[in-house]
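Here's a quick tour of the charged pairs in this model, with a stop at a nonpolar patch along the way. Have a look at the structure first.

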Amino acid sequence: MAAEDKLQHAEDGVVEVGMADARAALTALVREVRYGGKTGALTERGTRQVVLVTPEFYERAVAALGTNAKG
């Protein structure tokens, strides 16, 4: 099974992959986010655990929130 086959496209447009399949599908997920303009998520038992966004999106979100979320 190809890594791209492990990716699921949710109704809200987020590309999801289960954590059990994440290692095999990580490159495909990153490409969907970076070059496909999508938002990605890692799921566990069908529930989103983390969300993957582009650096540009993250920077805009931090600026809009007026917080120092960079740690």
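## Salt bridges and a surface patch

Asp21 is partly exposed, with a relative accessible area of 32% (buried means under 20%, exposed over 50%, partly exposed in between, using a 1.4 Å probe and protein chains only). Keep in mind that this is a predicted model, where local features need pLDDT of at least 70, side-chain atom pairs count only at pLDDT 80 or more, and totals for chains, interfaces and linings use all residues. Residues are numbered from 1 along each chain as its sequence is written, and side-chain values use heavy atoms, with hydrogens and water left out.

So what does Asp21 pair with in a salt bridge? Its partner is Lys6, at 3.8 Å from N to O. The two sit in distant parts of the chain, 15 residues apart: Lys6 in the segment before β1 (8-9), and Asp21 in the loop between β2 (15-18) and α1 (22-34). Helices (H or I, at least four residues) and strands (E, at least two) are DSSP runs, numbered from the N terminus.

A salt bridge here is a side-chain nitrogen of Lys or Arg within 4 Å of a carboxyl oxygen of Asp or Glu. By that rule the count is four, including these:

| Pair | N to O distance |
|---|---|
| Lys6 and Asp21 | 3.8 Å |
| Arg48 and Glu16 | 2.6 Å |
| Glu56 and Arg34 | 2.6 Å |

Take the salt bridge between Arg48 and Glu16. Arg48 lies in strand β4 and Glu16 in strand β2, so the pair ties together parts that are 32 residues apart in sequence. Glu16 counts as buried because its relative accessibility is 17%, while Arg48 is partly exposed at 32%. Asp12 joins in too: Asp12, Glu16 and Arg48 are linked in a network of salt bridges.

Then there's the salt bridge between Glu56 and Arg34. Helix α2 covers residues 55-65. Glu56 and Arg34 are 22 residues apart in sequence, with their C-alpha atoms 9.9 Å apart in space. Both ends are partly exposed, Glu56 at 38% and Arg34 at 39% relative accessibility.

Now for the nonpolar side. Leu26, Val30 and Leu52 form a surface patch with about 210 Å² of accessible area together. Leu52 belongs to strand β4 (residues 47-52) and is partly exposed at 31% relative accessibility. Patches are made of residues with over 30% relative accessible area and no salt bridge; like charges are joined within 9 Å, and nonpolar side chains (Val, Leu, Ile, Met, Phe, Trp, Tyr) within 5 Å. Accessible areas come from the Shrake-Rupley method with a 1.4 Å probe, and for residues only the protein chains shown count as cover.
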